[in-house]
Amino acid sequence: MKKPVVLAALLISMGVSGAYAADPSAGWQNGGWSLQYGEGEGNNRLTLNRETAPLWQHNFTSSRIEVVAELGISYWWTKRAALRGFPRNMWQISATPLVRWWPTDKFYLEAGIGVSLLSERQLKDERYGSNFQFSDQVGIGYQVTKATRIGLRVSHFSNAGMKGPNQGLDQVQVHLATTF
């Protein structure tokens, strides 16, 4: 249990020191941080993500599209009664490139496919076949201020049938992102 906590603290400190060194007037051009809370199938997840600055973007007449990457660490837990001997929590690290389309200055749609590594191969009585998982997500969001976004995401995690059983995990998350 101590190793994931140390890893999370290290990731946070590296990102925060980089965020304060960046020019705060540059907005999202220096990336940002996001916090997500999700629920689904009796499981809960809390995630801290570091979002990169746009890796690519294109402006159209009335919209824009950009590609960013998220690196995250998540803690999963279940409220359901688990059978004796089955894990009731786990850790996850993930890397996901996201395509974000802004049809207006305030609203966006996003989608991405990434990879994840789970600390456990099962949570309660659900088995995932392997620690390696693909992560698919789609979302919608709103730019509240120049430095703050809120959003809603739907995510699916599975190993794409590489190893059975492949029950997968599905979640809906509330997403809050900020930049410094």
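Among contacts (heavy atoms within 4.5 Å) between residues at least 6 apart in sequence, 56% join residues at least 24 apart in this predicted model. The protein comprises one helix and 11 strands, helices (H or I, at least four residues) and strands (E, at least two) being DSSP runs numbered from the N terminus, and their order along the sequence is α-β-β-β-β-β-β-β-β-β-β-β. Of its 180 residues, 40% count as buried, where buried denotes under 20% relative accessible area, exposed over 50%, and partly exposed the range in between, with a 1.4 Å probe and protein chains only.

Residues are numbered from 1 along each chain as its sequence is written, and side-chain values use heavy atoms, with hydrogens and water left out. Because the model is predicted, local features need pLDDT of at least 70 and side-chain atom pairs count only at pLDDT 80 or more, whereas totals for chains, interfaces and linings use all residues. The mean pLDDT, the predictor's confidence in each residue on a scale from 0 to 100, is 83 for the protein, and 82% of the residues reach 70 or more. Confidence is lowest in helix α1 (residues 2–21), with a mean of 42, and highest in β6, at 96. The pLDDT is below 50 over residues 1–26, a stretch that has 21 contacts in the model beyond near neighbours in sequence.

Strands β4 (residues 64–78) and β5 (residues 89–102) pair in the antiparallel sense over 14 bridges, with Trp76 opposite Met90 in β5. Strand β5 is also joined by eight bridges to strand β6 (residues 107–118), again in an antiparallel arrangement, and Ala95 stands opposite Val115 in β6. Four residues separate β5 from β6 in the hairpin that these two strands form.

Salt bridges, defined by a side-chain nitrogen of Lys or Arg within 4 Å of a carboxyl oxygen of Asp or Glu, number seven. Glu66, which is buried at 6% relative accessibility, forms a salt bridge with Arg64, the closest N and O atoms being 4.0 Å apart, and Arg64 is partly exposed at 24%. Glu66 also forms a salt bridge with Arg100, at 3.4 Å between the closest N and O atoms; since Arg100 lies in strand β5 and Glu66 in strand β4, this pair ties together parts that are 34 residues apart in sequence. Arg100 is buried, with a relative accessible area of 0%. A further salt bridge, with an N to O distance of 2.8 Å, joins the side chains of Arg153 and Glu70, linking strand β10 to strand β4 across 83 residues; both Arg153 and Glu70 are buried. Through shared partners, salt bridges join Glu51, Arg64, Glu66, Glu70, Arg100, Glu110, Arg149 and Arg153 into one network.

On the surface, Trp101, Leu109, Val138, Ile140, Leu152, Val154, Val172 and Val174 form a nonpolar patch with about 690 Å² of accessible area together. Patches consist of residues with over 30% relative accessible area and no salt bridge, like charges being joined within 9 Å and nonpolar side chains (Val, Leu, Ile, Met, Phe, Trp, Tyr) within 5 Å. Two or more residues of the nonpolar patch come from each of β9 (132–145), β10 (148–158) and β11 (169–178). Leu152 lies in strand β10 and is partly exposed, with a relative accessible area of 43%.

Definitions and conventions. Areas by Shrake-Rupley, 256 points an atom, 1.4 Å probe, with all protein chains shown as cover. Pairing = 2+ DSSP bridges.
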